[in-house]
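Visitor: I have a structure to go through with you. Can we take the overall picture, then one residue?

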Amino acid sequence: MFQIYLPIAEISVNLVVMLGLGAAVGFLSGMFGVGGGFLLTPLLMLSGIPPAIAVATGANQIVGTSVSGTMAQWRRGNVDLQMGAVLIAGGVVGALVGVFLLKILREAGQAGLMISLTYVFFLGSIGALMLWESVNAIRRQRAGKSMSARKASQHNWIHGLPFKMRFPRSRLYISAIPPLVIGFLVGLLASFLGVGGGFIMVPAMIYLLRMPTNVVVGTSIFQIIFVTAIVTLLHATLNHTLDIMLAFLLIIGGVIGGQFGVRAGQKLRGEQLRALLALMVLGVAIRILLDLVIRPSELYSIVPLAGS
Amino acid sequence: MMNTAAILRLTALLLALSCMPAGAQPAVPAPEVKPGTSQETVQSDISTREIAIQSNFTGIEILIFGSIDFSDSRTPGEGRYDVISVVRGPAEPIVLRKKERVAGIWVNGPAKTYGSVPGFYAVLSTRPFRAIASDATLKKLGIGLSDLDFGRYTMGDPEEQSFRSAMVRLREEKNLFQEDDDGVRFIGRSLFRATVALPVNVPTGRYTVDVYLFRDGEVVSKSQGSLEVTKAGIEAFLYQLAFLHPFLYGLLGVIIAVLAGLAGWFAFRRD
């Protein structure tokens with residue numbers, strides 16, 4: 001029932017399952033204010049979509065959800081265009097490097113392995129850190145103490161770097177190098193993992209660039225549109241791994257799910273929300289790790305000869 | 001799509017039944033008769049000459065039907081004749097990889113390339129085909145999975161053998177390789193039919209359908225047909241765009257995503 005044939009992945013999937021997958025990830029991303037790519041791409045791989053197609057299609061889906069998100073942030077004036085432009089410049093270079101890297105790995109038959117390993121590393125470490133932080137916050141609250149206000153030092157090593165630029169919206173006058181490097185890393189991750197990279201960018205903007213919190217999310221999600229759009233284009237052009245049919249189903253589900261997620265998220269407390277997200281991130285990391293460690297039931301795999 | 005398959009099957013069979021007693025127009029290339037053998041000739045056709053893969057495609061069952069002319073068999077169960085039908089999909093080169101344990105994790109290790117592996121291959125026969133003709137005859141005709149060389153010399157070496165059998169097994173699991181010893185059935189004295197299920201992941205391209213008529217272990221007649229598997233509708237459009245104009249295809253993906261995102265924001269906005 002409701003089977004739909006995917007022209008690029010060349011498999012038949014269930015329409016309802018894919019819409020539901022998009023909606024579930026969209027719901028979570030709306031609830032937690034994250035892109036959701038780090039959940040969507042591994043879930044696609046686990047449901048039988050070839051890894052390289054999952055990455056490219058995941059990136060395309062994030063374009064859609066981040067456009068929705070940016071519109072809402074834009075109207076509240078939470079987007080720093082200058083900062084966004086510098087991040088995008090770095091992101092384009094990162095995306096190019098990542099796409100070529102993936103192409104080489106795919107030809108060597110190691111794309112799936114490297115994608116999985118990188119996921120385990122990032123999801124594992126970020127999930128563990130978030131869980132640690134949120135459990136501590138919940139414990140502090142139970143103990144009746146107020147949230148400790150972090151004393152931000154006004155100057156750090158970043159202020160010593162050259163090529164200083166003015167970012168009026170963020171009220172910053174800093175070197176363009178750190179945002180370029182952050183953008184580059186996010187672009188690399190986006191093209192390699194099919195994620196938006198918000199989970200790296202948001203902490204980096206807060207702790208390294210010391211941007212005001214209100215513009216961080218808006219600027220991050222604004223930058224993600226462009227980086228994932230470029231990643232989508234590059235994968236489609238160089239690797240032929242984008243499945244528009246699949247992306248369309250995921251976007252439809254994601255955009256609707258995301259709106260309900262935002263509403264649900266407002267009813268939950270911040271620390272609890274973060275602890276929940278951390279557990280989910282860790283769960284995905286463990287699942288991918290198990291697939292790598294446990295002896296697979298099938299040792300052999302067939303792929304069409306590259307370039308044919 | 002059981003319904004479509006069932007209807008196709010029924011129409012084809014009716015068509016066959018209504019045509020055959022009347023003498024039958026040979027729908028497919030004229031059967032070749034070997035000199036010096038008896039008069040029997042086989043004619044066959046396929047229920048579907050063109051299969052279009054659309055978004056609702058979940059695989060399809062095709063019917064191969066035919067008849068033996070100048071059969072001197074009196075009863076259906078006499079067993080004087082045997083029919084073997086071979087369906088071959090377009091061949092392509094593939095790489096087979098084996099996973100190995102490296103530092104505790106399973107990674108793709110050694111790989112072997114096969115120059116020419118049929119995307120689909122099925123042998124259908126009236127009884128176990130090894131019993132119908134000698135190994136030499138079957139090998140000459142390319143009947144049977146064990147007689148295919150896949151564009152790689154794999155004799156002797158045990159590692160080559162284990163790779164080869166793994167590749168055949170993988171394809172069999174996906175129903176892309178089939179051997180059906182009971183796949184061809186006689187209906188009456190000279191009419192026979194065989195059904196073969198093409199799975200959802202069949203490759204596109206031209207398929208050949210060979211039908212061999214055996215008597216006493218020798219081929220007495222052969223008939224050949226073909227069918228074309230193509231992507232159709234939006235599937236075909238997207239596939240062609242993706243490979244012929246990949247940049248435009250990527251752009252289309254981005255535009256659809258942006259429009260869907262804007263539409264979603266507009267539909268749900270609260271300000």
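Guide: A word on terms: helices (H or I, at least four residues) and strands (E, at least two) are DSSP runs, numbered from the N terminus. Note also that this is a predicted model.

Visitor: How many helices and strands are in chain A?
Guide: Chain A has 10 helices and five strands.

Visitor: What is the radius of gyration of chain A, against that of a compact globule?
Guide: It is 20 Å for chain A; a compact globule of 308 residues would be near 19 Å, so the two agree. Along the principal axes, the C-alpha atoms occupy a box of roughly 55 × 45 × 40 Å.

Visitor: What share of the residues is buried?
Guide: 53% of the 308 residues in chain A.

Visitor: Switching to charges. How many positive and negative side chains?
Guide: There are 21 positive and 8 negative ones in chain A, and the centres of the two sets are 19 Å apart.

Visitor: Now the residue. Where is A:Asn78?
Guide: A:Asn78 sits in the loop between helix 3 (51-75) and helix 4 (81-107) of chain A.

Visitor: Buried or exposed?
Guide: The relative accessible area of A:Asn78 is 11%. Buried means under 20%, so A:Asn78 is buried.

Visitor: Which residues is A:Asn78 in contact with, beyond four places in sequence?
Guide: A:Gln73, A:Arg169, A:Asn214, A:Val215, A:Gly218 and A:Thr219.

Technical notes:
Residues are numbered from 1 along each chain as its sequence is written. Chains are lettered from A and ligands numbered from 1 in the order in which they are written. This is a predicted model: local features need pLDDT of at least 70, side-chain atom pairs count only at pLDDT 80 or more; totals for chains, interfaces and linings use all residues. Side-chain values use heavy atoms; hydrogens and water are left out. The radius of gyration is taken over C-alpha atoms; the globule rule is 2.2 Å times the number of residues to the power 0.38. Buried means under 20% relative accessible area, exposed over 50%, partly exposed in between (1.4 Å probe, protein chains only). Lys and Arg count as positive and Asp and Glu as negative; His and the chain ends are not counted. The place of a charge is taken as NZ of Lys, CZ of Arg, CG of Asp or CD of Glu. Contact means heavy atoms within 4.5 Å.
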